Amino acid sequence: MSDTVSLREAFAERFGGSPRFFRAPGRVNLIGEHTDYNDGFVMPAALEFEAEAAAAARQDRIITIHSLNNGRSAEIDLDAEANAPRGDWTDYAFGVAVMIEKAGTTLKGADILVSSSVPVGSGLSSSAALEVVVGYALLSLSGYAVDTVELAKICQKAENEYVGMRCGIMDQFISCNGVHDHALMIDCRSLERKPVPIDPKARIVVANSMVHHALADGEYNKRRNSCEEGVRLLQPALGDIKALRDVSFDALEEHRDLLPEATYRRCRHIVTENGRVLAAAEVLERGDLDAFGRLMNASHVSMRDDYEISCAEVDKLVEIAQSLPGVFGARMTGGGFGGCVVSLVAVEAVDDFIESVRAAYFEATGHTSDIFACAPQDGAGPLFG
């Protein structure tokens, strides 16, 4: 749903009154996977797919939320002694409210109706979009100016400490701070960011493998633990390193004997991926799409073989995409174990590419891929209409 008329009508039917409207986009990551929680570099872009909210302040301190996607409602009392996670979709919304309050900002209660076009479980950050749109709405309704960097930090904290997903800050940061027609090169340590232009001769094309993942428990957190183990084991040799961002490829190779084999390969992915992101920013600045595509392809090999976060269906989708005319590069995007593949495709080849990928992937797997071309969008804010 993207028109405020429908949101307004749905809000009036459920809550009555006149709401304000907000939006927060999902994202696709062009390159730089799992580097964010290693203080590294990433290059995402905000998408047309977004979470939208119609919201109005209440006189009490109760937050009521209703999702048009699943038809479910829930509420939380900000004055309750304890607001424990419930283990469902509401944790992403209520966790943000709890963390805003913990940070010392007093919120008003609110009625919030949410609708999202971000596919759930696809690796396009439906959870971050929900967190950000709810946080933006709550702060705005409570009379606060929204600092989008601070909001991203709060939303990450909610996912880390309330949901239990030890993600980095990339998803929330790009949802808050996306730039139209640009990817965003983000230093996840300093949070400095630099818009990087996407040459108009190319389009970003996202293909959903239709294999869904759940990352809050299990493999995602295991990968993060491996990275932290690598830092601990390398510290005696390398001194005061805080994260894998501080480790060069040469230093990693020199001291690889300090690491178990699996830990070494996890670290190798992060160290080389950081290098690829830095190189990607340079080649995009000068419009070298072929070089950028080669970096995307190398990133997928590293995720598949060293970080081991791909799966057979995603590998097949990447293989199909990389084989087609007009494709500069293709890779898995997102946390892994399913989700989407992102390709950079020459504008004139996009239509044939989409048709060919859909047919070949269905023949290979029996899954019908949702595929769309997209252009980067601005980050979160008011939705007018």
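Domain bounds, as used here, come from an automatic or database domain assignment. On that basis the protein, which is a predicted model, is divided into domain 1, covering residues 4-196, and domain 2, covering residues 202-374, and the C-alpha centres of domain 1 and domain 2 lie 25 Å apart.

**Overall form**

The protein has 11 helices and 12 strands. Its radius of gyration is 21 Å, close to the 21 Å that the globule rule gives for 385 residues, so the protein is as compact as a globular protein of that length. The C-alpha trace, taken along its principal axes, spans about 60 × 55 × 40 Å.

**The interface between the domains**

The size of an interface is often given as the accessible area lost when the parts come together. For domain 1 and domain 2 the area buried between them is about 3,500 Å², with 62% of it on carbon and sulfur atoms. In terms of residues, 37 from domain 1 are in contact with 48 from domain 2.

The polar side of this interface can be described by pairs. Across the interface of domain 1 and domain 2 the rule finds 5 salt bridges, and it also finds 21 residue pairs in polar contact, both residues being at pLDDT 80 or more.

Which elements supply the side of domain 1 that touches domain 2? Strands E1, E2, E6 and E7 each supply at least two residues of that side, and E2 gives the most to it, with 6 residues. By residue class, the side of domain 1 that touches domain 2 divides into 17 nonpolar, 11 polar and 9 charged residues.

| Strand | Residues |
|---|---|
| Strand E1 | residues 20-31 |
| Strand E2 | residues 41-57 |
| Strand E6 | residues 182-187 |
| Strand E7 | residues 193-197 |

**A salt bridge in detail**

Definitions and conventions. Residues are numbered from 1 along each chain as its sequence is written. This is a predicted model: local features need pLDDT of at least 70, side-chain atom pairs count only at pLDDT 80 or more; totals for chains, interfaces and linings use all residues. Side-chain values use heavy atoms; hydrogens and water are left out. Contact means heavy atoms within 4.5 Å. Buried area is the accessible area (1.4 Å probe) that two parts lose on being put together, summed over both. A salt bridge is a side-chain nitrogen of Lys or Arg within 4 Å of a carboxyl oxygen of Asp or Glu. A polar contact is a pair of N or O atoms within 3.5 Å; within protein, one must be able to donate a hydrogen and the other to accept it, and residues adjacent in sequence count only if both atoms are side-chain atoms. Helices (H or I, at least four residues) and strands (E, at least two) are DSSP runs, numbered from the N terminus. Ala, Val, Leu, Ile, Met, Phe, Trp, Tyr, Cys and Pro count as nonpolar, Asp, Glu, Lys and Arg as charged, and the others, Gly among them, as polar. The radius of gyration is taken over C-alpha atoms; the globule rule is 2.2 Å times the number of residues to the power 0.38.
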